[in-house]
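Here's a quick walk through this one, from the whole chain down to a couple of residues. Have the structure open as you read.

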Amino acid sequence: MGGIFCDLTKAFDCVDHDILIPKIEKYGIIGKGKEELIQSYINGRYQRVLIDNKTNHNAAVSNWAMIKHGVPQGSVLGPTLFLLYINDLPAVINKKAIPVLLPLIQA
């Protein structure tokens with residue numbers, strides 16, 4: 001029997017906002033709850049990368065880029081949004097498969 005393995009190491013970074021919003025609506029979060037709380041929480045965020053060269057004490061900074069994927073980590077709402085994002089995963093897996101969620105064991 002074969003299997004499909006999903007590495008969820010960077011899972012919070014992979015949440016697609018365009019997929020998440022309709023899923024949130026499916027669970028009944030609509031109106032102000034969706035627009036003012038959820039969408040304002042994930043939309044309009046920017047990030048940039050700082051590369052610190054410790055050898056010659058130079059730092060390079062990328063341009064700001066809008067975040068189109070991911071939910072904020074280290075927040076109360078982040079894990080909830082991620083769970084809403086993957087909650088229908090067992091339903092879309094082939095009926096012959098048995099979904100099993102296991103923690104990643106690192107050597």
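The protein chain has an accessible surface of about 8800 Å², and carbon and sulfur atoms account for 60% of that. Keep in mind that this is a predicted model. Of the 107 residues in the chain, 19% are buried.

As for the fold, you'll find four helices and four strands. Reading from the N terminus, the order is α-α-β-β-β-β-α-α. If you take the contacts in the chain with a separation of 6 or more, 57% of them are between residues 24 or more positions apart.

**Where two helices meet**

Now look at helix H1, residues 17-26, and helix H3, residues 77-86: they pack at an angle of about 85°, and their axes are 9 Å apart. An angle of 65 to 115 degrees counts as roughly perpendicular, so that is how H1 and H3 sit relative to each other. On the H1 side, the contact is made by Ile19, Leu20, Lys23 and Ile24, while H3 brings in Leu81, Leu84 and Tyr85. Sort the residues of this contact by type and you get six nonpolar, no polar and one charged.

**Lys23, up close**

Lys23 is one of the H1 residues in that contact. Is Lys23 buried or exposed? Its relative accessible area is 16%, and buried means under 20%, so Lys23 counts as buried. Setting aside residues up to four places away in sequence, Lys23 touches Leu84, Tyr85 and Asp88. What does its side chain reach on Tyr85? The backbone oxygen, at 2.6 Å. The Lys23 side chain also makes a polar contact with the side chain of Asp88, at 2.9 Å.

**Phe12, before the helix**

Step back to the segment before H1 and you'll come across Phe12. Phe12 has a relative accessible area of 22%, which makes this residue partly exposed. Leaving out neighbours within four places in sequence, Phe12 is in contact with Gly70, Val71, Gln73, Gly78, Pro79 and Phe82.

If you want a place to start on screen, go to Lys23 in helix H1 and follow its side chain to Asp88.

Conventions
Residues numbered from 1 in each chain as written. Predicted model: local features only at pLDDT ≥ 70, side-chain atom pairs only at ≥ 80, totals over all residues. Heavy atoms only, no water. Axes fitted to C-alpha atoms, helices over the stretch in contact; angles between N-to-C directions. Parallel < 35°, antiparallel > 145°, perpendicular 65-115°, else oblique. Contact = heavy atoms within 4.5 Å. Nonpolar A, V, L, I, M, F, W, Y, C, P; charged D, E, K, R; others polar. Buried < 20%, exposed > 50% of the residue type's maximum accessible area, 1.4 Å probe, protein only. Areas by Shrake-Rupley, 256 points an atom, 1.4 Å probe, with all protein chains shown as cover. Polar contact = N/O pair within 3.5 Å; in protein donor to acceptor, adjacent residues only side chain to side chain.
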